[in-house]
Amino acid sequence: KRYNLSNKSKVLDLGCKKGFIMKDLNILLPKAKIYGIEDHEYPIKNAEKQIKRNIIYSNYYDIPFKKNYFDLVIGFSSIYKYNFYDVVKTIKEINRVSKNSFITIASYSNSKEKEIFDKWTLLGTTILQKKDWIELFKILDYKGDYYFTTAKSLNLY
């Protein structure tokens, strides 16, 4: 409801893995155009057939769609695994192709959360405090929604 999605909507799942969210969206909105981008071949090869055809193998900072094509771009815990330069390019691409967006990002607020974060992140490369992510969003004029996954939000302390 928040993003006014309908069967006429176009949605992109950035870092879609095997397409599980795509499949759920397809069930809810069977006539909507649901796409995914994944930068690893394994999940694409192992995605369900009805979803696999709409998953594109690409880096997240190179989205092969025109400006404002998507009504919503979502990215759950996917962009922070890139180096800082590529994170910046990815956020710019999200801005370019989306009318609305929602991303989740692993982060921390204090030294205790940072210590725990460093222990549980397997792929985190761009590791910023919440305030630094927010500053980056301002610099890049990112107007989408976001949520920070932290050690506290995961009940790790």
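Biologist: What covers the buried residues of H6?
Modeller: The cover includes H4, S5 and strand S6 (145–149). Buried means under 20% relative accessible area, exposed over 50%, partly exposed in between (1.4 Å probe, protein chains only). Helices (H or I, at least four residues) and strands (E, at least two) are DSSP runs, numbered from the N terminus. This is a predicted model: local features need pLDDT of at least 70, side-chain atom pairs count only at pLDDT 80 or more, and totals for chains, interfaces and linings use all residues. Residues are numbered from 1 along each chain as its sequence is written, and side-chain values use heavy atoms, leaving out hydrogens and water.

Biologist: Which residues of H6 are buried?
Modeller: Trp 133, Leu 136 and Phe 137. They cover an arc of only 100 degrees around the axis, so they sit on the same side of H6. That arc is taken from the directions from the helix axis to the C-beta atoms.

Biologist: And which exposed residues are on the face turned away?
Modeller: Lys 131, Lys 138 and Ile 139.

Biologist: New topic. Where is Lys 66?
Modeller: In the loop between strand S3 (55–57) and strand S4 (72–76).

Biologist: Buried or exposed?
Modeller: Lys 66 counts as exposed, because its relative accessibility is 59%.

Biologist: What is Lys 66 in contact with, leaving aside neighbours within four places in sequence?
Modeller: Arg 96 and Val 97. Contact means heavy atoms within 4.5 Å. Lys 66 and Arg 96 are 30 residues apart in sequence, and 7.9 Å apart in space, C-alpha to C-alpha.
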